[in-house]
Amino acid sequence: MIIGAWHRISEMLGTEFNFDFWIKNKPRRSTYPACRAVLAARAQNHEKEMINAIQQAYYQRALNPSDDHVLIDLAKEISLDTNKFITDLNSDKIKNQLMDQISLSRKLSHRGFPSLVLETAGNIILSIMIIAMLKPHFLRLLV
């Protein structure tokens, strides 16, 4: 179960999790709503802010980012144009963007996340899976 992974990550890396998530929510395996929220926020130049808000909501605040109402509340918190966000969140345009990204990921040589892909002139020249979520001082050792 995912809760077990949270415990292992916490023990190994010291990452803090709010384990109340597993009591307060009915976990669902769909990340599509959160991915669409990031794409909708990107349309307003707030992609990074939405990623951070979703991570904080999920890991620290025990909120379920599979719920549209949670994502809409996060959009308000990061000062997005909420009406545009609501319209975009489940629009065909955003759904198609997500499907395009999923299609691209399936063409790559690996299936893991997070990943790093370098594309230039429409050609993928580098595609690697990042092995683990590491603290910055571990990353320096790998360079």
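**Exercise 1. The whole chain**

What share of the contacts in the protein with a separation of 6 or more comes from residues 24 or more positions apart?

Solution. Before you start: this is a predicted model, where local features need pLDDT of at least 70, side-chain atom pairs count only at pLDDT 80 or more, and totals for chains, interfaces and linings use all residues. Residues are numbered from 1 along each chain as its sequence is written, and side-chain values use heavy atoms, with hydrogens and water left out.

- Step 1: A contact means heavy atoms within 4.5 Å.
- Step 2: read off the share. Residues 24 or more positions apart account for 52% of those contacts.
- Step 3: The protein has 8 helices and 2 strands, in the order α-α-α-α-α-α-α-β-β-α from the N terminus. Helices (H or I, at least four residues) and strands (E, at least two) are DSSP runs, numbered from the N terminus.
- Step 4: check the inside. Of the 143 residues, 31% are buried; that word means under 20% relative accessible area, while exposed means over 50% and partly exposed lies in between (1.4 Å probe, protein chains only).

**Exercise 2. Finding the cores**

Find which residues touch the most other members of the largest nonpolar core.

Solution. 

- Step 1: define it. A nonpolar core is a set of buried Ala, Val, Leu, Ile, Met, Phe, Trp, Tyr and Cys residues joined through side-chain atoms within 4.5 Å.
- Step 2: list them. The largest core has 18 residues, and Ala-37, Met-50, Ile-54, Leu-71, Leu-74, Leu-80 and Phe-85 touch the most other members.
- Step 3: trace them to elements. Helix 3 (32-42), helix 4 (47-60), helix 5 (68-77) and helix 6 (82-89) each give two or more residues to this core.
- Step 4: look elsewhere. A second, separate core has 6 residues, including Trp-6, Phe-21, Trp-22 and Ala-62.

**Exercise 3. A helix on the inside**

Work out why helix 3 counts as largely enclosed.

Solution. 

- Step 1: count. Helix 3 is largely enclosed by the rest of the structure because 8 of its 11 residues are buried.
- Step 2: name some. Among the buried ones are Pro-33, Arg-36 and Val-38.
- Step 3: find the cover. The buried residues of helix 3 pack against helix 4, helix 5, helix 6 and helix 7 (92-107).

**Exercise 4. Two helices crossing**

Describe how helix 4 and helix 5 meet.

Solution. 

- Step 1: take the axes. They come within 10 Å and cross at roughly 125 degrees.
- Step 2: classify the angle. Helix 4 is therefore oblique to helix 5 (under 35 degrees is roughly parallel, over 145 roughly antiparallel, 65 to 115 roughly perpendicular, the rest oblique).
- Step 3: see who touches whom. Met-50, Ala-53, Ile-54 and Ala-57 in helix 4 meet Leu-71, Leu-74 and Ala-75 in helix 5.

Key
Axes fitted to C-alpha atoms, helices over the stretch in contact; angles between N-to-C directions.
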